[in-house]
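Student: I would like to work through this protein slowly, one question at a time. Could we begin with the words we will need?

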Amino acid sequence: MADLFVKQSLDEIRFWSRIMKEHALFLSLGFTHEDKSLIEEAQQFIGVFEKIEQQLSTYTVHTDPQLLKQFNSQVYQAATSIWAYKRKVLGLILRCKIRTNNFALLVDHISREAAYFANRLKELNEGKLKPLPEAIIKENVFFLKIMADHAKFIGHLLDPSERKLVEQAREFSYDFDQLLYQTIDLDSMRPHSETRPILNQFLDENRVSVVSLRNFKKTAKDLIEECKIKSNIHPLLADHVFREAERFLHIIDMFEASLKKAK
């Protein structure tokens with residue numbers, strides 16, 4: 001169990017610290033020149049998570065679990081701090097205190113990811129390593145919402161003349177909204193929904209849709225990097241959302257393996 005704790009901790013921090021660093025960059029790029037203090041705060045967070053990545057590189061799967069537990073607590077503080085910063089920015093946007101190119105939903109979206117990251121670190125330090133059936137459903141609620149948001153952002157940030165891609169993004173947004181509502185319904189049916197056949201079917205359905213969206217994001221990412229489509233999507237943002245779809249597929253794999261072991 002100690003080895004699993006170290007492995008999962010390193011994996012979560014490796015993935016989400018990079019995501020948090022990129023969030024800070026995207027926020028800074030979206031502010032106007034009037035919001036210098038907010039830009040400076042975002043840049044400070046870039047530095048915070050770069051230092052975390054540097055420290056992470058010194059740890060291995062053979063690291064003392066107690067040392068990793070301390071590192072988790074340190075990163076937890078950084079994750080909660082950037083969450084508070086994102087919620088502050090969201091409040092300023094909703095009260096029309098600032099004008100920014102960052103959508104309110106996008107800022108809410110990235111704050112949910114910061115809260116998720118902080119919670120994962122907390123769970124790991126509490127020894128919660130194996131996913132429970134109820135956690136499988138809740139985790140899918142989180143990621144399906146993330147995927148639906150991504151489709152909406154892509155649709156809005158593509159140039160309107162890219163009609164086919166915009167329409168595809170809208171279709172993905174609708175599909176993932178429907179999957180999200182279906183998952184919320186399933187969550188309300190617990191504990192009866194905790195039977196393995198239902199959960200296996202549920203994960204299979206989600207996998208098919210996530211693979212389709214992942215492939216769409218990959219195509220869009222490649223086209224953006226090659227300057228073959230018109231959009232306001234930063235190439236790093238295109239890669240960012242692609243990696244998050246890959247992460248969801250990885251988590252689905254993990255859940256399916258966990259269900260097989262429980263047989």
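Tutor: Contact here means that heavy atoms lie within 4.5 Å of each other. The model is a predicted one, in which local features need pLDDT of at least 70, side-chain atom pairs count only at pLDDT 80 or more, and totals for chains, interfaces and linings use all residues. Residues are numbered from 1 along each chain as its sequence is written, and side-chain values use heavy atoms, with hydrogens and water left out.

Student: Is Glu-113 buried or exposed?

Tutor: Glu-113 lies in helix 4, where helices are DSSP runs of H or I with at least four residues, numbered from the N terminus. Leaving aside residues up to four places away in sequence, Glu-113 touches Trp-16, Ile-19, Met-20, His-23, Phe-142, Ile-146, His-150 and Glu-244. We call a residue buried under 20% relative accessible area, exposed over 50%, and partly exposed in between, using a 1.4 Å probe and protein chains only. Since the relative accessible area of Glu-113 is 1%, this residue is buried.

Student: Into which domains is the protein divided, and how many Å separate their centres?

Tutor: The bounds come from an automatic or database domain assignment, which gives domain 1 (1-128) and domain 2 (130-262). Taken over C-alpha atoms, the centres of domain 1 and domain 2 are separated by 21 Å.

Student: How many residues does each domain give to the contact, and which helix gives the largest share of the side of domain 1 that touches domain 2?

Tutor: Domain 1 gives 19 residues to the contact, while domain 2 gives 22 residues. On the side of domain 1 that touches domain 2, the elements giving two or more residues are helix 1 (2-30) and helix 4 (104-125). The largest share of that side, eleven residues, comes from helix 1.

Student: What area is buried between domain 1 and domain 2?

Tutor: Buried area is the accessible area (1.4 Å probe) that two parts lose on being put together, summed over both. Of the area between domain 1 and domain 2, carbon and sulfur atoms give 67%, and the whole comes to about 1900 Å².

Student: How many salt bridges does the rule find across the interface of domain 1 and domain 2?

Tutor: A salt bridge is a side-chain nitrogen of Lys or Arg within 4 Å of a carboxyl oxygen of Asp or Glu. The side chains of Glu-12 and Arg-247 meet in a salt bridge, at 3.4 Å from N to O. A search of the whole structure finds 27 salt bridges, and across the interface of domain 1 and domain 2 the number is five.
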